[in-house]
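Trainee: Please take me through this entry, with the terms stated before they are used.

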Amino acid sequence: MFIFLAVCSVAFSQTVYRGKVVDKATLEPIIGAIITIETPHVQRISTNVDGTFHYKSSVKPQISISYLGYKTLTVMADTAAVYKLESSIRSLAEVVVTAQEAKTLATSSVIKRHAMEHLQPSTFADVLELLPGGRASNSSIATPQTIHLRQVPIASSDYNTSSLGTRFVIDGSPMSTNANMQYLSGALDRTSTRRDFTNSGVDMRSISTDDIQEVEIIRGVPSVKYGDLTSGLVNIKRKKGGHDLSARFKADMSSKLYYIGKGFEWQEHYLSLNISADYLDAQVDPRNLLENYKRLTFSTRLNKQLRLKNYTLNTSFNVDYSGSFDDEKQDEELNYGGVDKYVSKYNRYASALRAEFVSDNTNSWLKNAEFSTSFSYERDELERTRLVQLQGDTPAAVTDKEGESDAVFIYPYTYVASQMVDGRPINLFVNANTTFSVPSEKVENSLLVGADYQIDKNVGEGQRFNKLFPLYPETFNRPRKYSDVPASKELSFYAEESVKWNLGVHRFNTVLGTRFQTMQGLNTHYAMSGRYYIDPRLNLSYNLPPVSLSNKTLDITLSAGWGQQTKFPTIEELYPERQYIDFLEFSFYHEQRENRRMRLQTYVIDPTNTSLEPARNTKWELRGDVVFAGNRLTLTYFEEDMTSGFRAMKHYLPYVYKHYIMKDMTIEQFVNNPNIDALPYVTKTRLKAHNVLGNGSRIFKRGIEYTFTTARMPLFNTRLTINGAWFKTLYKNAMSVEQKPSRVINGKAINVVGIYNDDEGYIKEMLNTNFTLDSTVPSLNLGISLSAQCLWFTASQSMTKDAYPHSYIDEEGKVHAYTETDAKDVILSSLKRSLSDAAFERQVVPFSMNVNLKATKKLWNNKLMVALFINKLWDAYPEYKRNNVTFRRYVTPYFGLETNVKL
């Protein structure tokens, strides 16, 4: 299309009027602004992705430019002009306190500064309440907060690819967690495991919201400019410029938040500087000072604009620090004098440089060129300390080599152990792209071409502990140095064409692009080595001719999107730590500790799966957007199918070891000649499992999202917003499952393993609607919103499983088909699983509702704002019955108060 337009540009008789619409304060382009052209036949068009528009007319017309949140601009048109819209948010009547569905082709929600001020969030997770399907919840800051878009969440790490595949971008720089390896190897206690978000994406607790000017959350098919994702994109833009000194203090039932920020702007030099700091202190229970979470952030952002004759150069340089600190301790007086604590520290240092060349010549083929690079370094530390009490002689896992060895006993039986994890993730990201456009009076067009490169590496000391006094003696893990693990390198190329054209009064818009991506530096044994993965993406829309009804205009837009998205494995998934299996071959107890003996057979397993593939998600959606008399309705149906998500599966192999026997030898004889090798033995074989990561998780999402917003009603200047969603999510394991029964027959443990079909599956469903009334009283500078958040139902169901395996593994590791004869065998019949029909029944939780109140009051010429929120001010949680059991539900109100100062 681009080449065709270049060759086939034709002359025309009418004058072509071109323009660009930008924000007056930031000079950033405004996408989707409506231009009304006052000719004998009124025309309406909208701005392109770069804020530009064009039309032709035989007379010089008057045009009106409007966009939500900006004052309408009415001027006489010029053949080439830049139109600057002034924000209207200073007028309280125009404030929007909810998320707005963007006018872009891909389904997305835009949440602006004034909506966040009204919401009063502590972390970015609180902002998600405003999305279709979102709901207010008591701020749970004790554990990592990961994102789940367009799905009913599930409490299983096997489906974390969904949150891992949501890309966070801040001021054009992505946040990468590909080198995050902060987990305690061998951890079994909930204190450690519930805080582990390795391979789960971004912890939203670490993102401060006070510097955010606007965030766009793309749930549909994003531009091919963005990669290394499967589920969605969170695009955060922070404040630029201004002269305000801002301060915020917030206190709620579990946390306190402090923020201060200052803007500097030298308009004559087109230069601005923003500096800010943020501190959050949260307790799970305010009465328990031994468990808390703290966040500390600093940010410095410098922006400079150079204006020359035919182009503008926008540059920015950011330096940021973010610290996240988790602490939990047990009161020693209540823990029988034992030490029990968990401490984690995440310190992230980041810098970003961005330069954008923008052409001010509407006739130029080159529209803009962008270069950006970012670098981040983290100093992450995790320490777990607790009292360990052994029941008897326990071997220490001191050997790293495969083979037989004499064990070293852990002594004393009671000791205080510590395990530390030192992680130092490094990320480097570089992106360059250019946008071209062929001037044409009939078709608006642009071609985006670019490339990006990303490196992730962890240079930390890794897992560290004393082998003689391990924290988890039952797991037999070994220390591991992270700096020895190879880096992850991703290279991508992308191209995307955007075309807008009119057929009479009908308007069409199409964006078609492709992204090519590969992992570099992989060993040739990996299936991904040298391969490029292609993500085609398509978005299109059709604007029906405007219809005039009662002197008001009805605008209808239909749009659709389809695309594929790819997420490469993280470093920990590509290069998992070695696993060790220790078999006890001989154990000799003596009253004198120096005479005790124990022999181990150690096997070292490399669980690396060189057949691992990227996780790939295919999504499509249909959307309708109707605007009439200031009222707007959007309705979206979507489906997403990711069949290759990452998950760990057990894999059994046979291991041979010796069983030494003290035959015809007394204890005294062995003490005098403790030579284990001289003892007789028998050889045994046992099936043991180790974990292997594979592409076995399927997440299939489908649902309907809807948002309806009215114009402000004269009575109390009130707007009604209704939004919600129906989500149905299928979680399925696509890999065979190996299970070993724990039964004992004739005093001997069963040593066979059943292989079952992909037997894990869950179906989760929900329907919710939020009704929000927000009123503004400009004369009082008062804003109030009251929302009724209705959860009509939630449902969950486990999918049926096979009772019998299709194959089994014998003790020698050979695989056999499972037959009807095997089902009658004494040992093999134990592979039949006892399954209850009740376990697969659909379970429904009926209607519940929360009523929430939020209010803001501005004082002293808008220099002081006082705000409060009360979640669950009133609630309806009726009891319900299931299987003749009555369930009663209770909730607790949650409230907070904050003060904002702007000088």
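Mentor: Two strands pair if DSSP finds at least two bridges between them; helices (H or I, at least four residues) and strands (E, at least two) are DSSP runs, numbered from the N terminus. This is a predicted model, where local features need pLDDT of at least 70, side-chain atom pairs count only at pLDDT 80 or more, and totals for chains, interfaces and linings use all residues. Residues are numbered from 1 along each chain as its sequence is written, and side-chain values use heavy atoms, without hydrogens or water.

Trainee: Which residue in β4 stands opposite arginine 18?

Mentor: Strand β1 covers residues 15–23 and is joined to β4 by six bridges, in the antiparallel sense. The residue of β4 that faces arginine 18 is histidine 54.

Trainee: Which strands stand at the edges of the open sheet of three strands, and why is one side of each left without a neighbour?

Mentor: The order is β4-β1-β7, and the pairing is mixed. Two of these strands have a single partner each, so one side of each has no neighbour in the sheet. Those edge strands are β4 (52–57) and β7 (80–85).

Trainee: What does the twist average from one strand to the next?

Mentor: Axes are lines fitted to C-alpha atoms, for helices over the stretch in contact, and angles run from 0 to 180 degrees between N-to-C directions. On that basis the average twist from strand to strand is 30°.

Trainee: How many bridges join β32 to β35?

Mentor: β32 (residues 552–567) also runs antiparallel to β30 (residues 533–543), with seven bridges, and arginine 537 stands opposite glycine 563 there. β35 spans residues 615–628 and is antiparallel to β32 as well. In that pair lysine 567 faces alanine 615. The number of bridges between β32 and β35 is 14.

Trainee: Which residue in the turn between β31 and β32 has a positive phi?

Mentor: β31 (residues 547–549) pairs antiparallel with β32 over three bridges, with serine 548 opposite threonine 553. The two strands form a hairpin with two residues between them. The positive phi, about 55°, belongs to serine 550.
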